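Student: I would like to learn how to read a structure like this one feature by feature. Could we look at it together, with the general idea before each case?

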Amino acid sequence: MLKLLRKLAAQRYLQLMALAGAAWMFVFNYIPMYGIIIAFKDYDIIRTIGESPWVGLKHFRDVLTDDELPRILRNTLGISLIKLAVGFPLPILFALLLNELRSLRFKKAVQTISYLPHFLSWVILGGILATWLSDVGLVNRLLIALGILDEPIWFLAEPSWFWPIVIVSDIWKELGWSAIIYLAAITSVSPELYEAATIDGANRFQKMRYVTLPGISGTITILFILAVSGVLNSNFDQILVLRNSLNESASNVIDIYVYHVGLLSGRYSYATAFGLLKSIVALILLLAANKVTKRINGTGLF
């Protein structure tokens with residue numbers, strides 16, 4: 001105990017910094033968890049949480065028997081799984097290609113251009129996309145000029161176009177930013193491995209495959225586990241900005257549905273029950289993905 005106290009005293013400034021972060025997490029992440037109990041109560045803003053009557057699993061039954069549930073699950077899983085299948089490997093490939101650039105000036109320029117969209121909010125990007133994708137926008141004019149289209153398409157008014165727009169715009173916004181962590185992981189790969197591969201006659205693509213990728217496999221695995229656990233999340237901000245009444249059949253996902261039905265309509269207990277169910281499923285997916293990846297390559301979160 002004395003040794004521990006001495007160590008804490010020597011690290012007192014670092015401990016104070018960590019304590020501030022722990023206090024923030026406790027206040028904003030743990031104390032609000034008390035509100036989860038309204039999922040089991042018939043809560044309204046007139047009464048306090050303690051005064052609200054207990055109704056057991058009534059709101060969970062309402063969620064599971066909701067007529068809109070199949071459609072919102074189809075939209076949520078469809079968008080999220082395609083994003084996972086397409087959007088997850090692209091930053092890895094982008095980081096590998098950036099790492100192979102020899103011109104430092106060109107590499108910095110590419111990185112800067114690819115990072116820029118991340119720092120713009122979806123409110124701004126949504127306005128830009130709405131302008132570009134309108135019937136007189138840049139995309140329609142370009143396609144008509146190239147002879148691909150005979151007449152303009154109002155892309156955001158067509159439900160069939162909503163998923164591709166959401167997926168492509170999300171990749172465009174986050175590709176460069178998502179590649180940062182892979183670039184950081186690549187820098188930790190020992191240069192001696194590349195030298196040995198060069199002596200063995202490996203070309204640049206073989207070095208990428210047999211040296212770089214195995215060297216960052218742990219990082220890829222951890223980020224993949226986290227991506228799988230968040231498959232029920234579908235980027236609320238993005239979809240809220242891009243959706244409208246015309247594409248509602250393709251844009252009504254879990255987060256949007258809970259926001260409209262649960263919160264705007266005052267069904268707070270229903271919204272909490274839906275959110276709790278979603279968190280339970282996310283936890284199950286996290287544990288399953290962690291177990292599978294540990295069995296495949298021995299790497300996991302825990």
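Student: Which residues do ring pairs link into a cluster?

Tutor: Before the case, a word on the source: this is a predicted model, in which local features need pLDDT of at least 70 and side-chain atom pairs count only at pLDDT 80 or more, while totals for chains, interfaces and linings use all residues. Residues are numbered from 1 along each chain as its sequence is written, and side-chain values use heavy atoms, with hydrogens and water left out. As for rings, those of Phe, Tyr and Trp (its six-membered ring) pair if their centres lie within 6.5 Å, and planes under 30 degrees apart count as stacked, over 60 as edge-to-face and the rest as tilted. Here, Tyr257, Tyr270 and Phe274 are the residues that ring pairs link into a cluster. A charge is said to sit over a ring if NZ of Lys or CZ of Arg is within 6 Å of the ring centre and within 35 degrees of the ring normal, and the charged end of Arg267 sits in this way over the ring of Tyr270, 4.2 Å from its centre.

Student: How many aromatic pairs does this rule give, and at what angle are the planes of Phe40 and Phe60?

Tutor: The count comes to ten aromatic pairs. For Phe40 and Phe60 the planes are at 40 degrees and the ring centres 5.2 Å apart, so this pair is tilted. Phe40 belongs to the loop between α2 (12–30) and α3 (58–64), whereas Phe60 is in helix α3, so their pairing ties together parts that are 20 residues apart in sequence; helices here (H or I, at least four residues) and strands (E, at least two) are DSSP runs, numbered from the N terminus. To describe surroundings we use relative accessible area, where buried means under 20%, exposed over 50% and partly exposed in between (1.4 Å probe, protein chains only). On that scale Phe40 is partly exposed at 25%, and Phe60 is buried at 9%. In another pair, Phe155 and Trp161, the centres are 4.9 Å apart and the planes at 85 degrees, so the pair is edge-to-face; Phe155 is buried at 4% relative accessibility, while Trp161 is partly exposed at 35%.

Student: Which residues touch the most other members of the largest nonpolar core?

Tutor: In soluble globular proteins, nonpolar side chains tend to be buried together. A nonpolar core is defined as a set of buried Ala, Val, Leu, Ile, Met, Phe, Trp, Tyr and Cys residues joined through side-chain atoms within 4.5 Å. The largest one here has 24 residues, and those touching the most other members are Phe88, Ile92, Ala95, Tyr182, Ile186, Ile216 and Ile220. Two or more residues of this core come from each of α5 (89–99), α9 (159–186), α10 (191–199), α11 (204–215), α12 (217–229) and α16 (268–297). Contact means heavy atoms within 4.5 Å, and Ile216, leaving aside its neighbours within four places in sequence, is in contact with Tyr182, Ala185, Ile186 and Val189.

Student: Where does Ser169 lie, and is Ser169 buried or exposed?

Tutor: Ser169 is found in helix α9, and at 3% relative accessibility this serine counts as buried. Its side chain reaches the backbone oxygen of Ile165 at 2.7 Å. Not counting residues up to four places away in sequence, Ser169 touches Trp122, Leu129, Gln238 and Leu242.

Student: Against which helices do the buried residues of α15 pack?

Tutor: They pack against α4 (69–87), α13 (236–242), α14 (248–251) and α16. The buried residues of helix α15 (residues 254–264) include Ile254, Ile256, Val258 and Val261, and also Asp255. Just after α15, Gly266 takes a positive phi of about 80 degrees.

Student: How many helices and strands does the chain have, and why is it described as more spread out than a compact globule?

Tutor: The chain comes to 16 helices and zero strands. The general idea is to compare the radius of gyration, taken over C-alpha atoms, with the globule rule, 2.2 Å times the number of residues to the power 0.38. The radius of gyration of this chain is 24 Å, well over the 19 Å that the rule gives for 302 residues, so the chain is more spread out than a compact globule. Its C-alpha trace spans about 80 × 75 × 35 Å along the principal axes, and buried residues make up 33% of the 302 residues.

Technical notes
A polar contact is a pair of N or O atoms within 3.5 Å; within protein, one must be able to donate a hydrogen and the other to accept it, and residues adjacent in sequence count only if both atoms are side-chain atoms.
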